Amino acid sequence: MKIEARGLCKRFTRIKNSSDKKSGRREEFLAVDHVDLDTAEGEIVGVLGPNGAGKTTLLRMLGKLMSPSEGTVRLFDDEGKSIEDPIKIKSMIGYLSENTRLYGRFSTRELLHTIAEIHGISREEEEERVERISGVLGMGDFIDNRIERLSTGQTQRANIARCLIHSPGIYIFDEPTLGLDIISSEAIVSFMKSERDRGASVLYSTHYMEEAQYLCDRVVMIYQGRVIADAPTDRLMADTGTDNLRESFRALIAGRDGEHDA
Amino acid sequence: MMRKKTVFSLYKKEMLDILRDKKTILMMIVIPLILYPLIFAGSMLLASSMMNASTSKSYSIGFEGVEDEEAMRSFFEHDGKEHEYSFVFVSPPESYEEALRNEALDAYVSGAVSENRPYFSIVYMASRTDSQTAAGMIRDVIRDYSDKTTRSLIEEAGLNADEVMEPMRFALQDMSSDEENAGFFMGMIIPFLLITSILMGAMYPAIDTTAGEKERGTLETLLTLPVRNMELITAKFLATSTVAVAAAFLNVISMSFMALYMSDSISIANGSNIDLLSFLPAALVTLLCILVFAMFASAVCLSSCIFARSFKEAQNYTTPVMLLFMVGGMAGMIPQVGLNSTTALIPVVNIALLIADIFSFNFRLELIAAVLLSNLAYTAIAVVLMTRLFSSENILFGEASANLRLLDRRRDMKKGQIPGIGDCVLLLSTVMIVLMFAGGPAVLHLKLYGLIIQQSMILILTAAYAWYIKADAVELFSLRRPKALHILSAVLCWLGAFIIVQIFADLLLKVFPGLNTESSELLVELWEGQPLWILIFTIALMPAICEECAFRGFLLSALSDKLKFIPAIVLTGVIFAAYHLNFLQLILITPLGILSSYFVLKHRSIFLSVVMHFLNNLTSVLMQQYSEEIVTALPVLGKEDPGVVFYIVSVLIGAAVLGTGILLQRDKPSKAEG
């Protein structure tokens with residue numbers, strides 16, 4: 001299963017930062033500016049870029065949480081059939097971001113049950129899956145506790161279980177390791193790797209360049225809403241003549257800004 | 001397109017989330033089951049203690065200028081009645097005003113002789129309770145004293161004191177049964193309590209499932225799931241309604257216990273015997289009202305909270321809603337306001353009046369239906385609007401200014417913007433209020449000229465609002481020249497629809513004569529003896545311009561910006577009809593309103609609907625003015641019962657004309673649009 005985006009744009013309005021006090025201080029700008037993006041099965045694609053580059057907006061449009069101002073998002077299932085209905089697309093995606101918090105008044109088991117029910121998963125199937133996921137993620141100790149009482153790491157595991165329960169073919173993870181300690185983020189990283197090995201496509205944004213370098217098969221660099229590079233991680237580093245993504249990014253931006261000024 | 005299973009799963013989730021929240025439970029249970037009885041018991045206690053306080057107190061009184069002070073005092077002390085209070089006589093100080101003011105005296109009596117009789121003036125201070133009570137008691141004592149003196153004077157003259165003092169005797173006899181009295185009393189109190197408790201029940205979950213979810217960050221999680229907006233909002237709406245209904249029932253139970261207790265103590269006190277079973281029909285209708293009103297309140301609360309970004313903001317939005325509901329809930333207590341086909345359409349007020357009505361054993365089926373149906377209609381409109389207007393994106397990341405352009409600073413406003421839904425609500429409610437408080441009196445005093453003022457107000461307010469938000473007048477009001485063909489088809493369509501609607505009105509009034517109102521008589525009174533051209537100007541031309549600008553201009557443009565073609569024209573038609581504040585008119589004007597909205601939106605020219613509106617009102621003026629001539633020319637119109645054939649033929653003619661009109665405009669524009 002893979003995702004395909006063509007010419008994606010998202011237009012927002014913002015207050016113009018200028019000394020001109022006459023009319024029209026509100027201006028439109030493109031938070032995401034004509035982005036093309038593809039994922040492949042069994043591949044982790046890293047969406048990298050600084051804060052405010054448009055990563056979250058892009059991923060929200062891919063996850064059908066936001067509708068694009070222009071452009072299309074399509075999904076191709078395992079038989080290569082194209083899917084455009086947002087509801088169907090959502091049912092095949094596992095979406096996780098720092099904004100997808102969990103219902104604190106529910107226990108993890110109740111949460112998983114609710115989500116499985118909305119996805120239309122049968123009761124027996126659901127119980128089996130909850131047991132399996134609970135084993136994989138080591139949630140046995142706290143699965144029946146209310147989520148508001150869990151630690152940060154436990155909550156994050158519950159959140160992963162949430163996007164796993166319907167066995168999606170595509171994962172969209174928006175800064176999943178932000179603010180987590182080494183052990184918790186390692187759990188997430190190894191989860192993404194195991195899903196990739198299972199054949200899922202994983203789209204993942206971060207600004208931790210080292211993590212991305214270690215994890216991603218391919219990197220899409222975003223800067224000011226535009227894709228400035230889209231290449232396998234190794235090739236990107238080779239092309240920019242560096243041995244780490246941090247330096248590649250600097251090199252790419254430097255070229256970009258010069259272009260901008262000219 | 002709505003999947004019941006998904007809605008049900010979401011509903012279960014909402015209910016679990018709401019019920020896990022202790023605050024909601026407290027609001028639901030504590031208020032009706034503990035707070036009400038407490039307030040009730042407390043106020044009983046307070047009342048009885050106040051009564052005791054006023055009777056077991058001693059009051060200080062000063063006398064001056066009374067001839068036989070001793071006799072007066074002894075009468076005060078032993079006037080033959082048992083008093084729990086006592087008077088303390090204080091020798092009047094230099095300045096009694098000061099003594100009254102600094103509470104050394106409660107009342108001051110000065111005696112004099114005027115027209116050969118003793119004349120007492122009782123000085124007191126109405127702003128002090130004790131002083132007021134004391135003055136009242138002194139007045140009673142002096143009155144008794146005066147009676148006694150009269151009696152002895154009459155007897156001295158050798159007459160029968162009873163006959164002279166009371167030459168006629170009378171008694172008031174109350175026809176109404178104990179049940180009717182109790183019902184009248186309940187009808188005043190129950191609506192207010194129910195409306196408030198339902199609102200309280202709906203408000204908290206409404207805030208919690210909208211702004212609360214947003215604040216806790218779970219809304220984005222919810223939106224990653226394969227659910228449609230419609231399903232999401234329906235589930236939230238159902239959950240909120242459930243809690244509101246549950247809260248209302250708990251309140252009803254609590255109130256019933258209090259009512260039982262009260263009726264018990266009243267029966268013991270008065271020896272009356274209230275048959276509670278006689279209230280069963282009223283209670284059943286009230287249950288229906290609770291269900292319907294809980295849905296209405298939930299829809300209103302949800303739509304006022306859905307844009308709030310935080311709990312606090314949502315509470316700010318619901319405060320005015322709460323005030324409006326409470327004021328509306330008091331409608332049942334106002335003696336002059338009754339349920340009729342106008343008040344049956346005013347939200348909140350209609351429920352209050354209906355409950356008051358049925359507890360007075362006054363069952364009018366068409367009005368009960370009108371109240372319940374209009375509440376359901378308002379609810380449906382609110383829910384549909386919510387699902388259409390607030391895409392998940394709007395809920396999550398939306399700005400309030402998209403719906404209420406007025407909130408922006410004017411210099412930040414973009415030129416040529418289309419007003420939002422909030423702007424429409426604000427403008428139309430302002431228009432309604434201005435019409436009610438300024439337009440109504442203007443018509444009352446200035447007659448027809450008042451109507452001109454009233455219509456101008458609509459136009460001026462609409463134009464001013466559009467100017468302020470820098471809307472493009474040509475775009476917003478569709479000020480484009482129509483094609484001749486479109487005018488022709490608009491006229492034909494109006495004529496056809498008009499005939500059908502008239503027939504329908506005739507039939508409707510035959511079935512429900514209660515729907516007819518005096519409003520048309522009022523109009524006739526207005527235009528009696530006026531020259532025809534003035535009538536045509538004020539009743540046909542002015543509304544055709546002013547009302548069209550507000551509804552087919554401002555409202556329709558704003559709605560069509562957010563909604564699809566059909567919902568936009570239907571909603572415009574319904575709101576336009578509802579603005580006439582009359583149930584019969586609501587039914588009859590809606591189709592005409594939808595039809596003219598269709599023409600304006602389809603052919604982008606408001607002049608089409610101006611023509612239709614003008615013809616419509618012109619026809620009613622002419623029909624009113626030349627009714628005799630019309631009946632002479634077409635005798636069938638004057639008949640009380642013109643027969644089935646007449647109805648069928650008329651409807652067929654109407655349909656044929658309407659169909660021709662629709663066909664005429666059909667082909668060309670589709671090419672032009674494409």
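Let's begin with strand S9 of chain A, which spans residues 218-223 and is mostly covered, with six of its six residues buried. Keep in mind as you look around that this is a predicted model.

- On one side of S9(A), you will find Arg218(A), Val220(A) and Ile222(A), which are all buried.

- Strand S3 of chain A, made of residues 43-48, pairs with S9(A) in the parallel sense, over four bridges.
- To spot this pairing in the structure, look for Gly46(A), which stands opposite Val219(A) in S9(A).

**Its partner S10(A)**
- S9(A) is also joined to strand S10 of chain A (residues 226-232) by six bridges, and these two strands run antiparallel.
- Here Ile222(A) stands opposite Val227(A) in S10(A).
- S9(A) and S10(A) form a hairpin, with two residues between them.
- In the turn of that hairpin, Gln224(A) has a positive phi of about 50 degrees.

- Chain B contains 25 helices and four strands.
- It has 674 residues, of which 45% count as buried.
- Taking the contacts in chain B between residues at least 6 apart in sequence, 77% join residues at least 24 apart.
- The accessible surface of chain B comes to about 34300 Å², and carbon and sulfur atoms account for 66% of it.

How values were computed. Residues numbered from 1 in each chain as written. Chains lettered and ligands numbered in written order. Predicted model: local features only at pLDDT ≥ 70, side-chain atom pairs only at ≥ 80, totals over all residues. Heavy atoms only, no water. Buried < 20%, exposed > 50% of the residue type's maximum accessible area, 1.4 Å probe, protein only. Pairing = 2+ DSSP bridges. Contact = heavy atoms within 4.5 Å. Areas by Shrake-Rupley, 256 points an atom, 1.4 Å probe, with all protein chains shown as cover.
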